[in-house]
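Thank you for making time this morning. I would like to walk you through one structure, and I will go slowly for anyone who is new to it.

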Amino acid sequence: MHIAILGLGYVGTTTAACLLKDGHHVYGIDINSAKVQAIGAGRSPVVEPGVEALLTAGLAAGRLSSGSSLAPWLDSLDLVMICVGTPSRADGKLEMVHLLEVTRQLGRQLEDRRTATPLLLVFRSTMAPGTMERLVLPTLEAATGEAPGQRYEVAFNPEFLRESTAVKDYYAPPKIVIGERHPGASRRLLGIYDGLDAPVFEVGFAEAEMVKFVDNSFHALKVAFANEIGRLAIAKGIDPQTVADIFLADTKLNVSAAYLRPGGPFGGSCLPKDLGAMLALAREVGVQVPVLGGTRESNAVHAAWLAQAVQARLAPPGPILLMGLSFKAETDDLRNSPLLELAEALLDAGYDLRVFDPDLDPSQLVGVNFALAAEHQEVLRSCLTRDLATAAAHVGLIVLGKPMPEHLAALPAAVPRLDIPQLRGFDG
Ligand SMILES: NC(=O)c1ccc[n+]([C@@H]2O[C@H](COP(=O)([O-])OP(=O)(O)OC[C@H]3O[C@@H](n4cnc5c(N)ncnc54)[C@H](O)[C@@H]3O)[C@@H](O)[C@H]2O)c1
């Protein structure tokens, strides 16, 4: 294929090198003449292992050209990859000026294209969710005078490579994510990744844009978390790498998908207690741990957000049916249960509340849970019901607090639902 790359930085140059290796014709475009000259001579403008050898070989094979505009090659192109920089602005947002400029130029140039097949414009620069819909597409439409589909098609394909291992990452990506206007619109980016062994996700633009932000935020969170644990361990005279070795060996609960789906706040008898003890330890040894401290705050924010979302959905007095009270499915433990807190918040707000929980029999509670039941008498005695059908028939909103699939069939389909474990129903 004939592929133009706009922006010859780390991403553009590596992509050019790998596409050459795969046998494509590559046209490297940049506003920086030094980079254009370097690529034109088969040299890499960036230090990245393996890249220069691929560029040199591509040039020798007669498949590499460079320039300051794609105009000379417009008619022969199958695909354009936009890899211009989107650096940080002072306010933290991404600077869109290069992306906007290159999009406008592309739109204007499309008018001169004589080839009938639509030119596929693949945006690889990192951008905030919503940018393709709100900025890129309107800019292209204004410049071309037409919507995508006929003369051009548009895709967002975030890049996950890391500098220093970029070529390796290109050929072994963790995943391939393609944001497109509708399923199949990008025609799987014309097959450029066909030989790669990676899961492919074809999704809407905003999901693809968000994933890139989420990934890098999580990587940053992991580094900051690991370093807080490291500082704490050192302050206590504990070897941080031994702790890390044990922590990382747990691929069931630690380094895994566990606890990583959006849903309800954490609660129960251990997580809040032991996080609190860790924060107390940090205070005692004078170690600052803003990530760990922020975790508790974040959980409280999430619980408050859920309570507000319920109230926004149906004003008091409701009535509301809350499905679940203990802190998770198949336990009657009420300690630090976010659902018990939610029930109290709804009662305080003046709701007529019914609660159903198949795991809970107040007459069987012992110890701390017996005391909690006494403390939360109104919820446990007045609201808790065993008659799900009657309770559900008279409510204006059902809040699914924890998974209980065997009881869902008993709920009237017409009553709106907020599903906390799935975070469904909260939009709008
Ligand atoms: N560097 C990474 O490891 C990495 C990894 C994944 C994603 N990304 C994202 O990819 C994008 C590119 O990153 P990078 O590190 O390669 O950036 P970079 O700053 O190294 O290169 C960007 C290039 O775009 C060129 N450019 C600017 N305006 C142009 C225009 N109108 N026409 C043609 N070229 C133009 C610049 O001259 C520069 O050479 C960014 O959005 C970045 O966030 C970067």
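This is a predicted model: local features need pLDDT of at least 70, side-chain atom pairs count only at pLDDT 80 or more; totals for chains, interfaces and linings use all residues.

Residues are numbered from 1 along each chain as its sequence is written, and side-chain values use heavy atoms, with hydrogens and water left out.

Around the ligand there are 21 residues, and the closest are D30, K35, T86, T126 and E163; a residue counts here if one of its heavy atoms lies within 4 Å of the ligand. This shell divides into 9 nonpolar, 7 polar and 5 charged residues, where Ala, Val, Leu, Ile, Met, Phe, Trp, Tyr, Cys and Pro are nonpolar, Asp, Glu, Lys and Arg are charged, and the others, Gly among them, are polar.

Turning to polar contacts, that is, pairs of N or O atoms within 3.5 Å, the side chain of D30 has an N or O atom 2.6 Å from an oxygen atom of the ligand, and a polar side-chain atom of E163 lies 2.8 Å from a ligand nitrogen atom. From Y10, a backbone N or O atom lies 2.9 Å from an oxygen atom of the ligand.Taken alone the ligand exposes 830 Å², of which the protein buries 81%, using accessible areas from the Shrake-Rupley method with a 1.4 Å probe.

Finally, the lining of the second largest pocket has 5 nonpolar, 2 polar and 3 charged residues, including R89, K93 and F213. A pocket here is an open set of points, on a 1 Å grid over the protein atoms alone, where a 1.4 Å probe fits, with protein on both sides within 12 Å along at least five of seven lines, and lining residues have an atom within 4 Å of a point.

How values were computed:
A polar contact is a pair of N or O atoms within 3.5 Å; within protein, one must be able to donate a hydrogen and the other to accept it, and residues adjacent in sequence count only if both atoms are side-chain atoms.
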